[in-house]
Amino acid sequence: MGKLSKSAKIYLAFVFFILYAPIFYLIFYSFNSGGTMSSFDGFTMEHYAAVFSDTRLIIIVLNTIIVALLSALISTAIGVLGAIGIVFLRNRNMRKAVLSLNNILIVSPDVIIGASFLILFTMVGVKLGFASVLISHIAFSIPIVVIMVLPKLQEMSSSLIDAAADLGASKRDILTRVIIPYIKPGIFAGFFLALTYSLDDFAVTFFVTGNGFSTLSVEIYSMARAGITLTINALSALIFVVTLGLVVGYYFFNQRARQPVETGGNKL
Amino acid sequence: MKEIIRASIAILIVVALLFYAVSFLEKSSATSSDGGSITVFNWGEYIDPEVIAQFEEETNIKVVYETFDSNEAMMTKIEQGGTSYDVAMPSEYAIEKMKENDLLRPVDLEKIPNLTNIDPYFLDLPFDPGNEYSIPYFWGTVGIAYNPSLLDGQTFESWNDLWDPSLKEEVIIVDGAREAIGMGLNSLGYSLNSTNLSELREATDKLKTLGPNIKAVIGDEIVEMMRREEAAIALTWSGQAADMMFVNENIDFSIPEEGSNLWFDNMVIPKTTDNPEGAHEFINFMLDAEVAAQNTNYVGYSTPNKAATELMDSEIVEDERFYPPEELRERLEVYKNLGPEMLGVYNELFLEFKMDMKK
């Protein structure tokens with residue numbers, strides 16, 4: 001790639017400014033002693049102290065992360081197998097039909113998915129709480145994982161599999177040593193997308209939470225009437241910093257791990 | 001493949017650690033709960049967390065606390081079941097609807113001796129005669145928030161003051177059909193719960209003549225706009241006005257003399273309750289004078305608890321803008337549930353008024 005022209009650089013800087021400005025604005029006011037976001041009165045750490053003294057809020061944050069990680073993990077496993085299943089479906093019309101069913105789930109509004117889950121759970125008699133939230137998050141993440149993994153599978157040449165079979169690989173070997181390593185980037189992309197979807201989701205989660213189990217998005221939405229406090233700013237700032245740390249950590253880890261993997265590719 | 005397995009194991013370990021942290025936190029925050037537990041369903045930021053801790057300590061009943069963001073969402077969840085809510089805090093019109101749909105359990109007033117703390121004015125209201133199903137929690141009014149520093153000495157004793165030609169593009173109206181049409185009805189001296197079509201037509205026509213003075217018809221952004229002095233006048237709820245005044249001392253609030261709306265949030269016991277004893281105990285506890293005073297100081301809305309107001313800062317409870325005197329309160333009206341058809345009429349007239357403004 002050639003060097004960026006000056007105007008392109010300015011444009012890029014502008015886009016990043018727009019993307020990050022609200023976050024920094026929010027973090028800035030998390031240090032405000034004034035109590036609201038309208039004027040900055042002075043520096044204080046009291047909102048951070050409030051986050052750590054509010055056990056209920058911390059439990060909600062931890063629950064949110066648990067649900068996100070678990071649901072992303074499980075839906076990735078199911079979604080990858082589903083995508084492989086779709087690609088190897090012999091009947092062309094059948095394949096198209098399954099794929100369309102998958103896509104319908106992606107475009108259908110969250111509110112409808114949430115309401116249907118609520119009706120289903122109460123009909124079957126499942127108590128609302130951790131399990132119901134986890135199940136519904138897994139359900140709405142699977143189609144996303146499928147969509148992320150599918151292009152990688154389609155781009156893979158079928159002669160790779162034929163060659164492996166000719167060399168005497170069993171079906172299991174083909175799956176674990178040929179297909180999965182090849183689609184690995186898609187798997188990770190699917191996992192991270194499912195993770196963010198789960199962290200973000202309000203509409204579905206609202207319907208299926210219960211018995212004291214709640215996630216951060218539901219908690220913040222319900223503050224809308226009486227006013228969102230700066231505690232939430234402080235919490236968001238903390239989450240932003242932790243995320244930033246994770247991304248930087250992942251980057252360094254990847255840089256270091258890359259060299260041996262690339263030279264010793266047969267280790268896969 | 002190895003990398004994927006390794007990543008999965010790492011995630012599972014993190015999840016296990018988080019689970020451990022959650023159970024540890026829950027254990028350390030929970031008091032011995034031999035009195036069972038109750039699930040309370042309330043608006044966000046609408047209770048002092050200290051009060052809950054105090055209740056748990058005193059009664060040994062554990063409180064599972066959940067929040068909602070609208071009456072409608074709350075009703076859906078209660079109607080569907082799945083969680084056994086023991087106490088909820090809906091607004092008055094929602095209580096009427098919940099009664100109709102048979103979602104509520106009658107409150108046993110004998111188990112709530114602290115009811116005597118409540119100002120009788122707030123009991124036995126049209127949405128729940130005899131307080132069979134509900135106990136008042138917080139209340140407020142609809143009125144005019146205004147910023148005198150941006151105006152030349154106008155005051156707002158009457159709704160008709162808003163029609164002053166000098167207020168061109170200064171008035172913000174809250175985006176609610178009943179609030180806006182209600183203002184039209186009040187300014188003509190009619191009831192807020194009018195179902196008389198010719199009265200409603202008259203009110204809408206009068207509202208249309210306010211057009212040139214209107215800057216915007218919006219929702220929660222009003223608070224921010226008034227704080228930043230982008231607008232001088234707003235038709236809004238007393239709670240929102242209190243929020244504005246908390247930050248911008250220039251702002252004042254008045255309830256026009258023709259009368260206005262009085263709104264309520266109340267504690268009810270849904271039919272789904274598992275622990276009606278605990279629910280009654282909780283409601284009674286919230287009505288305790290000291291508890292109610294502490295909770296009111298935290299939440300900032302007006303309390304119906306007379307005994308509590310005696311314990312509170314006199315500057316707050318003597319503020320007639322938020323605790324209007326009796327002669328004004330007599331002119332305040334609580335919304336009645338007008339039924340879906342009449343509500344449709346209100347919404348249509350409100351839409352007509354909004355469309356007329358575009359000209």
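Which residues of chain A does UniProt list under "transmembrane region"? The unreviewed entry gives residues 12-31, 57-89, 101-124, 130-150 and 228-253 of chain A; the positions are in the numbering used here, feature names are shortened, and such annotations may be inferred rather than shown by experiment.

Before going on, a word on the ground rules. This is a predicted model, in which local features need pLDDT of at least 70 and side-chain atom pairs count only at pLDDT 80 or more, while totals for chains, interfaces and linings use all residues. Residues are numbered from 1 along each chain as its sequence is written, chains are lettered from A and ligands numbered from 1 in the order in which they are written, and side-chain values use heavy atoms, with hydrogens and water left out.

**Chain A**

Chain A has 11 helices and 0 strands. Helices (H or I, at least four residues) and strands (E, at least two) are DSSP runs, numbered from the N terminus.

Taken along the principal axes, the C-alpha atoms of chain A fill a box of roughly 75 × 60 × 35 Å. Of the 268 residues in chain A, 38% are buried. Here buried means under 20% relative accessible area, exposed over 50%, and partly exposed in between (1.4 Å probe, protein chains only). Contact means heavy atoms within 4.5 Å. Among contacts in chain A between residues at least 6 apart in sequence, 72% join residues at least 24 apart.

What about charge? Chain A carries 18 positive and 12 negative side chains, and the centres of the two sets are 10 Å apart. Lys and Arg count as positive and Asp and Glu as negative, with His and the chain ends not counted; each charge is placed at NZ of Lys, CZ of Arg, CG of Asp or CD of Glu.

**Where chain B meets chain A**

Helix α3 of chain B spans residues 71-80, and its buried residues are N71(B), A73(B), M74(B), M75(B), K77(B) and I78(B). These buried residues pack against α9 (203-208) of chain A, and also against β1 (37-43), β2 (62-68), β3 (87-88) and α4 (92-100) of chain B. After α3(B) comes G81(B), with a positive phi near 75°.

**The nonpolar cores**

A nonpolar core is a set of buried Ala, Val, Leu, Ile, Met, Phe, Trp, Tyr and Cys residues joined through side-chain atoms within 4.5 Å. The largest one has 127 residues, and those touching the most other members are L162(B), I173(B), M183(B), I233(B), M267(B), F282(B) and M286(B). Strand β4 (residues 134-146) of chain B gives the most to this core, with 8 residues. A second, separate core has 37 residues, including A68(A), I86(A), M156(A) and A194(A).

Is S238(B) buried or exposed? S238(B) counts as buried because its relative accessibility is 3%. S238(B) belongs to helix α8 (residues 238-247) of chain B. Apart from neighbours within four places in sequence, S238(B) is in contact with G140(B), T141(B), F253(B), W263(B) and F322(B).

G182(B) sits in helix α5 (residues 177-187) of chain B, and at 1% relative accessibility it too counts as buried. With neighbours within four places in sequence left aside, G182(B) is in contact with A177(B) and L192(B).
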